[in-house]
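Please keep the model open while you read.

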Amino acid sequence: MIKTAMQAFISDRIDDFVNDLETLVNIDSSSDNLAGIDAVARFFVRRLEAMGFSTCLEKRGDRGVPCLQAHNRPLTETFDILFLGHMDTVFPPGEVQKRPFSKHGDRAGGPGVCDMKGGLLVALYVLETLHHGGVLNQLSMGVCFNGDEEVGSKASREWIEANAVNSRRVFVFEPCRPGHRFVLQRKGGGGYRITARGTSAHAGVEPEKGANAAVEIAHQTIAVQRFNQQADEGVSAHVTVIRGGERTNIIPDEARASVDVRVASKRQVAPVESFFKSLPANTHVPGVTLSVNGGVDRPPMESDDRTLELWRLIAAEAARMGLKVAWIATGGCSDGNFASALGVPTIDGMGLVGGNAHRQDEYVELNSIVPQIRLIASVCQSIAQDKRSSLQAS
Ligand SMILES: [Zn+2]
C-alpha cells in the first residue's frame, strides 16, 4: 500500500495538476510545430531537473524533432521502468487559439488534453510523488518523450528502441480508456502503395491504343478486398486512397492505390507481405505494369507472460485501492508497439481516463487524476520494494 505521506501529497496537488494541464494544453504542439513541441519539452526539463534527473533534449532527424530523455541514475544502469510518451498532437497550429483548455464539470477539454498531455503530466506527478516519498532514489527511472508519434515516430523510433531495450518494463502514458481500462495489446500495421502504369490515349478517338491504369487499380482493389475477407482474424487490409487520371477524355497512363494494413501478431506479417509481393505478377489489363511499395513497419504489441505478470501486479494494487481496472486490445498503434516487440513487458493506457482522441470533443475525466497517479505510484513503490528484497536476498 502506498505511503500515507505520498497519498496526501497527491490529493493536495489536484489544483496544481489542473493548472499544469491548462498550461500544457495551451501550448500549440502539432507534429509540425517544432517550437511548440520544444516549449512542452522545456516545461518537463525544469520539473525533472528539480528532482535531480539528468536531461537531454535532442533534435532528431532531418526536421530536428525535439525528443526529451531523462534519467535519475547513471545510464550504465538498466532502467527499472521507462516512462514513454509523446509531446506532439494531431491538431494544426492555431487550434489552441480557437479552442483553448476548458473545464466543464468533471471533464476538461482542449487539443491533446487526453492524447496525451494529461498522460505526460501523470508521468511527471508520479515521479514527483515518488521523489517526495523518498522512493525515487530506490529506482532507476527513464523518461522518453518524443515529438513525432502522431506522424509515425520516424525520427524517434531508433531512440525509443535503444532506451526500451535498456529497460525492465515500459509504461506508456497514452489515454486510459473509460471504465479505467488499460491497453495490453495493439495491432501492428503499415501501408502499401500500388502503382499501375499503362499507356495514355484519346478516350474517344483511339482508346484501343491505350492501356488503362485506372481499370488495373480497380482490379487490384477488389483483389485486396478479397484478401481482407479471407485473411486470419486480426488481419485487415483496406484500400483507403485511390488516385488516377488527369482529364475526362484521356485513358489514364498512371493510377495508384494506398492500402492500410493491420496485424494482431508477428506470425501474420509474412502472409501479408507475400500477398502484396505477388500482385505485380497478377495484372489484369494488357500493357499495364504494376509496382508495389511499403510493408508492415509497426510490429504488433502482444502481451506475453511477463507482460501479464506485470499486469497482475497493477491489478492487485488497484484492488487494494478499491479501484476496478481492466485491459483491452485495440487496433491503433502507439510507440508501445516498438518497446513490446523488443520483448520488454509494456503496459499502455497509463494516462488520464478520457476519450474522443484526435477529435474536437476530446476530453479527460478530472476525477481520474488522483486514482491514476496513486495507482501508478504504488505500483512503482512495490517494484522498488521487490528490488530491495531481492538485493537483500542475494
Ligand atoms: Zn497518443
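What follows covers a helix pair and then a sheet.

This is a predicted model, in which local features need pLDDT of at least 70, side-chain atom pairs count only at pLDDT 80 or more, and totals for chains, interfaces and linings use all residues. Residues are numbered from 1 along each chain as its sequence is written. Helices (H or I, at least four residues) and strands (E, at least two) are DSSP runs, numbered from the N terminus.

Let's begin with the helix pair. Helix 2 and helix 5 pack with their axes 10 Å apart, at an angle of about 135 degrees. Axes are lines fitted to C-alpha atoms, for helices over the stretch in contact, and angles run from 0 to 180 degrees between N-to-C directions. The two helices are therefore oblique to each other; angles under 35 degrees count as roughly parallel, over 145 as roughly antiparallel, 65 to 115 as roughly perpendicular and the rest as oblique. The residues that make the contact (C-beta atoms, placed from the backbone, within 7 Å) are these:

| Helix | Residues in contact |
|---|---|
| Helix 2 | Phe17, Asp20, Leu21, Leu24 and Val25 |
| Helix 5 | Val113, Lys117, Gly118, Leu121 and Tyr125 |

Strand 5 and strand 18 pair over 3 bridges, and glycine 109 has tyrosine 363 of strand 18 as its bridge partner.

How values were computed:
Two residues are in contact if their C-beta atoms, placed from the backbone, lie within 7 Å. Two strands pair if DSSP finds at least two bridges between them.
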